[in-house]
Amino acid sequence: MSAQMTPVRTGGEPRSPRLSIHGLSVRFGGLSALDDVSLEVREGEVVGLIGPNGAGKTTLFNAVCGLVRPSAGTITVDGVPLPPDPTRLSARGVARTLQGLGLFRGLTVRENVLAGRLGAHDPGTDAQRQLDALDLAGHADRPVGDLPYPEQKKVALARALVAQPSLLLLDEPAGGLGSEDIAALGDLIRRTAATGCAVLLVEHHVDFVMSVCDRVVVLDFGRVIASGTPDEVAGDPAVDEAYLGIEVSR
Ligand SMILES: Nc1ncnc2c1ncn2[C@@H]1O[C@H](COP(=O)(O)OP(=O)(O)OP(=O)(O)O)[C@@H](O)[C@H]1O
């Protein structure tokens, strides 16, 4: 099944693709981590990228971020090829969270959020606005490591969102969160997409992906095995087979 997205329509008009990946392959020595993967994420769209452990999800994020070199394929943001320099991603409107927290544990909450807005005209104001938006202002001057885990996850999100990205890559944002925090995360992702941001979401919590995403792409052994709306993907026998025997809802 092709992973090309059919145009998403708002008011009858197709939205433009933010992220376009075409024929992407990544090899690690003899291992094919990604094999001819194509997908699109459009303005205002939330696309889930799921698959069993080792399917290639993080490798795809790393390829978009310029951290691994593809052996084939193209990656464009707003129609322009991404620069190979990962340090220039924020200038292209791309932000990412990491599978772990990836926070600077010796710094305060505010300083961690500021790190996502370095080089901006008035980073302090932007950081404060983001802290307020995520209810983190009361913790702003505390060392980030002192916060409970769900709050630290929020700081990691705030650091990505403070740059007002047009493309947001989320790597397992629901990991380690309880049901209340997961529901709030879902609301935040939908609100972010409503501003026009394109969101690509890697997540093992399949129920969450199905509830929050417009479309879902399923990888297995580096290949796209299914894509479509959550309902289409949930009913696809290839997806059941890929997940057979593993826990799909953690
Ligand atoms: N730097 C690397 N060197 C060698 N092999 C790698 C490297 N990074 C990833 N791999 C391999 O590539 C494959 C895809 O890994 P990847 O981490 O992208 O999968 P994933 O779908 O994100 O898995 P998980 O859900 O467990 O995070 C795996 O077989 C992994 O062992």
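Predicted model: local features only at pLDDT ≥ 70, side-chain atom pairs only at ≥ 80, totals over all residues.
**Entry 1: confidence**

I began with the scores, and I noted that the model has an ipTM of 0.97 and a pTM of 0.88. The protein chain averages a pLDDT of 87, and 90% of the residues score at least 70.

**Entry 2: the chain as a whole**

I listed the secondary structure next, and the protein chain has eight helices and 12 strands. Its radius of gyration is 18 Å, close to the 18 Å that the globule rule gives for 250 residues, so I wrote down that the chain is as compact as a globular protein of that length. Taken along the principal axes, the C-alpha atoms fill a box of roughly 50 × 45 × 40 Å. Buried residues make up 41% of the 250 residues. I also looked up the contacts between residues at least 6 apart in sequence, and 66% of these join residues at least 24 apart.

**Entry 3: two domains**

The domain assignment gives domain 1 as 1-93 + 166-250 and domain 2 as 102-164. I noted that 25 Å separate the centres of the two domains, taken over C-alpha atoms. The contact between them takes seven residues from domain 1 and seven residues from domain 2. On the side of domain 1 that touches domain 2, I found three nonpolar, three polar and one charged residues.

**Entry 4: around the ligand**

Which residues surround the ligand? I wrote down Phe28, Leu31, Ala33, Gly51, Asn53, Gly54, Ala55, Gly56, Lys57, Thr58 and Thr59. Strand S4 (31-42) and helix H1 (57-64) are the elements that give two or more residues to this shell, and the largest share, three residues, comes from H1. Sorted by class, the residues of the shell divide into four nonpolar, six polar and one charged.

Is Asp135 buried or exposed? I recorded it as exposed, because it has 12 C-beta neighbours inside 10 Å, and the cut-off for exposed is 12 or fewer.

Glu172 is not a glycine either, and its phi is positive at about 55°. I placed Glu172 in the loop between strand S9 (167-171) and H5. Glu172 counts as partly exposed because 19 other C-beta atoms lie within 10 Å, whereas a buried residue would need 20 or more.

**Entry 5: Thr195**

With 11 C-beta neighbours inside 10 Å, Thr195 counts as exposed. How far apart are Thr195 and Glu43 in sequence and in space? I noted that they are 152 residues apart in sequence, while from C-alpha to C-alpha they are 8.9 Å apart in space.

Note on methods
Residues numbered from 1 in each chain as written. Near = placed C-beta within 6 Å. Helix = DSSP H or I, 4+ residues; strand = E, 2+ residues; numbered from the N terminus. Nonpolar A, V, L, I, M, F, W, Y, C, P; charged D, E, K, R; others polar. Domains from an automatic or database assignment. Contact = placed C-beta atoms within 7 Å. Rg over C-alpha atoms; globule rule 2.2 N^0.38 Å. pLDDT = per-residue confidence, 0-100.
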